[in-house]
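Please look through the structure shown here, beginning with the chain as a whole and ending with one pair of its elements.

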Amino acid sequence: MKWMIPLCLTATPALAQTCPEAPDHSARMSEILSELGKAQTEMAGRELSNGLWELWTDAPDATAQAMLDEGMSRRGVYDFLGARTVFSRLIDYCPDYAEGYNQRAFASFLSEDYEGALADLDRTLEIIPNHVGALSGKALTLIAMGRNEEGQAVLRAAVALNPWLSERALLDPPLGTEL
């Protein structure tokens, strides 16, 4: 009978719940991106940007949401290693949920693990190509790596989607001064 306990413990992951498909917010994201281009004030732009974050951070189920929230909470108190560990668990559980990768990339960036951040940002953008947060994060990561020209190109792509990004201040030359 004692042999059954280890067997049950090793079988648990195989029997564990699997992550459902992430909610499809693509239509609402497209609407918000369109509205961002028409926003008249920075405040209106920020409100719309917050709407994008609400969509991106809408995890596939309660288990994934709890992991996302825990990881973001750990990152918020500068526990970057703990945050990355939780986000890695989220990614293992929900490999097609873009925000798991994006949030792990942010924790990696803050830890100055730019290569790790870049890989996760690329995966985020494979899943959601117009993820403005991942685009701006990729731009900042490339700039931090000394790849300024690439970073500027990615930043311009992000600002084209969301002209109210605060990172637009990093454009070189600044927006509206291009020849």
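The protein chain holds 9 helices and 0 strands, where helices (H or I, at least four residues) and strands (E, at least two) are DSSP runs numbered from the N terminus. Read from the N terminus on, its elements follow the order α-α-α-α-α-α-α-α-α. This is a predicted model, in which local features need pLDDT of at least 70 and side-chain atom pairs count only at pLDDT 80 or more, while totals for chains, interfaces and linings use all residues. Residues are numbered from 1 along each chain as its sequence is written, and side-chain values use heavy atoms, with hydrogens and water left out.

Of the 179 residues in the protein chain, 40% are buried, that is, under 20% relative accessible area (1.4 Å probe, protein chains only). Among contacts (heavy atoms within 4.5 Å) with a separation of 6 or more, 52% join residues 24 or more positions apart.

Turn now to one pair of helices. The axes of H4 (residues 62–76) and H5 (residues 80–93) come within 7 Å and cross at roughly 160 degrees, the axes being lines fitted to C-alpha atoms over the stretch in contact, with angles running from 0 to 180 degrees between N-to-C directions. H4 and H5 are therefore roughly antiparallel to each other, a term for angles over 145 degrees. Residues that make this contact include Ala64, Met67 and Leu68 of H4, together with Ala83, Val86 and Phe87 of H5.

Note on methods: Angles under 35 degrees count as roughly parallel, over 145 as roughly antiparallel, 65 to 115 as roughly perpendicular and the rest as oblique. Buried means under 20% relative accessible area, exposed over 50%, partly exposed in between (1.4 Å probe, protein chains only).
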